[in-house]
Amino acid sequence: MKETDREAVATAVQRVAGMLQRPDQLDKVEQYRRREARKKASVEARLKAAIQSQLDGVRTGLSQLHNALNDVKDIQQSLADVSKDWRQSINTIESLKDVKDAVVQHSQLAAAVENLKNIFSVPEIVRETQDLIEQGALLQAHRKLMDLECSRDGLMCEQYRMDSGNTRDMTLIHGYFGSTQGLSDELAKQLWMVLQRSLVTVRRDPTLLVSVVRIIEREEKIDRRILDRKKQTGFVPPGRPKNWKEKMFAILDRTVTTRIEGTQADTRESDKMWLVRHLEIIRKYVLDDLIVAKNLMVQCFPPHYEIFKNLLRMYHQALSTRMQDLASEDLEANEIVSLLTWVLNTYKSVEMMGNMELAPEVDVNALEPLLSPDVVSQLLDTYMSTLTSNIIAWLRKALETDKKDWSKDTEPEADQDGYYQTTLPAIVFQMFEQNLQVASQISEELKTKVLVLCLQQMNSFLSRYRDEAQLYKEEHLRNRQHPHCYVQYMIAIINNCQTFKESIVSLKKKYLKNEAEEGVCLSQPSMDGILDAIAKEGCSSLLEEVFLDLEQHLNELMTKKWLVGSNAVDTICVTVEDYFNDFAKIKRPYKKRMTAEAHRRVVVEYLRAVMQKRISFRSPEERKEGAEKMVREAEQLCFLFRKLASGFGEDVDAYCDTIIAVAEVIKLTDPSLLYLEFSTLVTKYPDIREDHIGALLAMRGDASRDMKQTIIESLEQGSTQANPNYVPLFREIVVPSLNVAKLLK
C-alpha cells in the first residue's frame with residue numbers, strides 16, 4: 001500500500017507541475033481543484049458501482065449453489081426409492097418369463113399365418129416372374145420378385161429374432177426360396193443388357209430405359225431400409241445390399257470403354273491413315289453419344305444421378321486411357337502429329353467438346369488433359385528426333401535430284417520473269433512449309449521449335465550445296481564441253497540463292513508472330529552470308545568461264561600485232577556481250593555485282609597486259625599511236641559496260657578511265673613532264689607500285705636512266721592518301737620478275 005501511495009503522490013505531483021508551468025496559471029488553481037474533485041468523485045462512484053455489481057454476482061452464485069445442493073439431495077433420494085422398488089420387482093419379472101415366450105411364439109405364428117398364402121404360392125410366383133422376365137415386362141417381374149423377397153426376408157427376420165443361432169431353420173427357409181436369387185440375377189442381367197444399349201434404347205424406346213431406372217431406384221430404397229433395420233436387429237437378408245445403382249454406373253463405364261476401344265477398324269499394315277480414321281471415328285461417336293445423353297438420357301434418370309456429368313467423366317477417362325495406350329505404341333512422325341493435334345486441339349474444339357450443343361454443361365476449360373505433360377513432352381521429343389532425321393534425308397535427296405538435273409542437255413526452267421531456276425528451293429521450302437503447318441496445329445511452341453530446326457538444317461544444307469556447286473565447277477573445268485548447259489545451270493544455282501533468301505524471310509515473317517519468337521530464330525546462324533558466298537562463287541565461276549575464252553585475245557594486247565591492227569578488243573567485247581546475253585537470266589542483285597566485277601576484271605586484264613612488257617615503243621609516233629588505240633579501246637569497253645549496266649544506276653566510267661590515264665602517260669611527248677604525269681597517276685591510283693611505274697617507263701622506251709631513277713625516288717618520297725571510294729586495280733597486277741634495277745641498265 002505504501003508503494004502505491006508513493007506512486008499516486010508522484011503522479012499527482014507530476015500532473016500539478018504540468019498544470020502550473022506559467023505564473024498566470026496560479027489564478028486557475030481553484031478551477032483546477034474543482035475539476036480534479038469532480039473527476040475524483042466520478043471515479044469513486046464508478047468504483048463503488050463495480051464493487052456493488054461484484055457483490056450482487058457473488059450473492060446470486062451462492063444462492064444457486066444452495067439450490068443445486070437441495071436438488072442433488074432430492075435426486076439421491078429418488079434413486080434410492082427406484083433401487084428399492086427394482087429389488088422388490090425381480091421376483092415378479094421371473095414369474096412373467098412364460099408370458100414372454102408365449103408372446104414371441106404368437107408373433108412368429110402371426111407372421112407365418114400372414115405369409116402362409118405367399119409361402120404356398122412361391123413356385124407359381126417364380127414361374128410367373130420367369131415368364132415376365134422373358135417377355136421383357138421388367139416392372140411386373142420386379143414387382144413379383146419384391147413380393148417373394150419380402151416373404152422370405154420377413155420369415156427369416158422373425159426366425160432370427162426368435163433364435164439367431166438356429167441355422168437349420170434359417171437354411172430351410174433359404175432353401176425353400178432358393179429360386180428367388182436366381183430370378184434376381186436373371187432380372188439384373190436383363191437390366192444390364194438394356195443399360196449397355198442405353199444410347200440406342202433412349203432413342204428407340206425410352207420407356208424401357210425409364211423402367212430399368214425405376215427398378216434400380218426401388219432396389220436402392222430397399223437396400224437403405226434393410227441397412228437401417230440392421231442397426232436395430234442385426235439381421236441382413238441374403239444377397240443384400242444389391243448396390244444396383246453402383247453396378248449400373250460400372251456397366252456404363254465398361255460400355256463406354258468398350259465403345260472407345262472398338263472404334264479402331266484398321267491397322268498400320270492395312271491403312272497408313274489408320275490413326276487418323278480411328279481418331280475421327282472416336283470424335284464422331286463421342287460427340288454423338290454426349291449430345292444424345294444431354295438431350296435424351298437426362299430425362300430418363302433422376303436428377304441426383306447426374307447421369308450426364310457421370311457419362312462425361314466416363315468418356316473423358318476412357319479417352320485418356322485410350323490416348324495413353326496409343327502414345328505408348330511405336331508411332332511414326334505423322335502419327336504423333338495426328339495424335340497430338342487431336343489431343344491438344346481437336347478434343348476441346350467446337351468439333352468435339354466445345355460443340356455448342358454440349359454447352360453449357362461441358363466446360364472445356366474444366367476438362368483435365370487427356371495426356372500428362374510428361375507424355376506429351378516425350379512424344380514431342382520423339383517427333384523432333386524423327387523429324388530431324390527425315391529433314392536431313394529429304395534435303396539430301398532433294399540435293400541429289402537437283403545435281404542430276406545439272407548434267408542434263410536441256411536448259412533449266414525459267415520463272416515468270418524469265419530467270420533460270422531449278423526446283424530445289426520450291427521442294428525444300430514446300431517441305432518446311434508442310435512441317436510448320438503441321439506443327440502449328442499442335443502448339444505455337446512446337447511451331448517455333450520446328451522453325452528453328454528447319455533453319456538449322458538449312459544452314460547445314462547450304463554448306464553441302466556450296467560444296468556441290470564447287471565440285472560442279474571443277475568437273476566442268478576438267479572438260480569444258482561437259483556439261484553441255486553448264487552456264488545455264490550455274491546461273492540457276494546463283495538465282496536459287498536469291499530465292500532461298502526470299503523464302504527464308506517469307507518463312508520467318510509467316511511463322512514468327514512476336515519479338516520473343518523472332519529472337520529465338522535470330523540466334524540461329526545467319527544464312528545470308530552463306531548464300532551470298534555461294535552466289536559470289538557462282539558468279540566467279542561464270543566469269544572464269546568468260547575469261548578462259550578471252551585468254552587468247554587478252555594475250556594479243558600490247559603486242560606488235562595489236563599495234564599494227566589487231567581486233568582483239570572487238571572480239572573481247574563481242575564475247576563478253578554474248579556471255580552477258582545468257583547472264584541476263586541472272587537475278588538483279590547478283591547480275592549487278594557480276595557486271596561490275598566483269599568490268600573491273602576486263603580493265604585489270606587490260607592493265608596487266610600493259611604491265612607485261614610485251615612491247616616497247618621506239619618513237620613518239622608509236623607511243624602516240626599506241627596511246628590513242630588504248631583510249632579508243634577504253635571508250636569501246638566503257639560503251640559496252642555502260643550498255644550492260646543500263647538500269648543499275650552505276651558509274652561505269654571509273655574503271656575505263658584508268659586505261660585512259662595510263663594512255664596519257666604513254667602518249668606524253670615531253671619526257672621532262674613525266675614526273676608530273678606519274679605524280680598525278682599515283683595520286684589518283686595509290687595502289688600503283690614502283691614495278692608498275694618501271695613497266696610503264698619500259699613500255700614508253702624513251703626515259704633515260706637518270707630520269708627513271710629520279711621519278712621513282714621522288715614518288716617514293718611523296719605521300720598519297722587514297723580516296724575512300726577507290727577500288728584498287730593495280731594491287732593484283734604482278735609485273736614479271738625483271739626488276740627496276742635491270743630496267744635502268
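Select proline 483 to begin: this residue sits in the loop that joins helix 17 (444-478) to helix 18 (486-511). Helices here are DSSP runs of H or I with at least four residues, strands are runs of E with at least two, and both are numbered from the N terminus.

The model on screen is predicted: local features need pLDDT of at least 70, side-chain atom pairs count only at pLDDT 80 or more, and totals for chains, interfaces and linings use all residues. Residues are numbered from 1 along each chain as its sequence is written, and side-chain values use heavy atoms, with hydrogens and water left out.

Next, select proline 360, in the loop between helix 14 (333-346) and helix 15 (373-406). The peptide bond from alanine 359 to proline 360 is also cis, with omega near 0°.

Now show the whole protein. Its secondary structure comprises 29 helices and zero strands. Of its 745 residues, 42% are buried; buried means under 20% relative accessible area, exposed means over 50%, and partly exposed lies in between (1.4 Å probe, protein chains only). The accessible surface comes to about 41,700 Å², and carbon and sulfur atoms account for 52% of that surface. Such areas come from the Shrake-Rupley method with a 1.4 Å probe, and for residues only the protein chains shown count as cover. Among contacts in the protein with a separation of 6 or more, 76% are between residues 24 or more positions apart; a contact means heavy atoms within 4.5 Å.

Proceed to helix 16 (residues 424-442) and select asparagine 435 within that helix. Is asparagine 435 buried or exposed? Asparagine 435 is buried, with a relative accessible area of 9%. Apart from its neighbours within four places in sequence, asparagine 435 is in contact with Tyr383, Leu387, Trp394 and Val450.

Move to glutamate 306, located in the loop between helix 12 (274-295) and helix 13. Phi of glutamate 306 is near 45°, a positive value in a residue other than glycine. Glutamate 306 is partly exposed, its relative accessible area being 42%.

Continue into helix 13 (residues 307-328) and select glutamine 317. This glutamine 317 is partly exposed, at a relative accessible area of 47%.

Then select helix 22 (residues 568-583) together with helix 23 (residues 588-611), whose axes come within 12 Å and cross at roughly 165°. Axes are lines fitted to C-alpha atoms, for helices over the stretch in contact, and angles run from 0 to 180 degrees between N-to-C directions. The two helices are therefore roughly antiparallel to each other, a term for angles over 145 degrees. Show the side chains that make the contact: Val569, Phe580 and Phe583 of helix 22, with Lys591, Met594, Thr595, Ala598 and Tyr606 of helix 23.

Finish at lysine 613, found in the loop between helix 23 and helix 24 (620-644). Phi of lysine 613 is near 60°, a positive value in a residue other than glycine. Lysine 613 is partly exposed, with a relative accessible area of 22%.

Technical notes: Angles under 35 degrees count as roughly parallel, over 145 as roughly antiparallel, 65 to 115 as roughly perpendicular and the rest as oblique.
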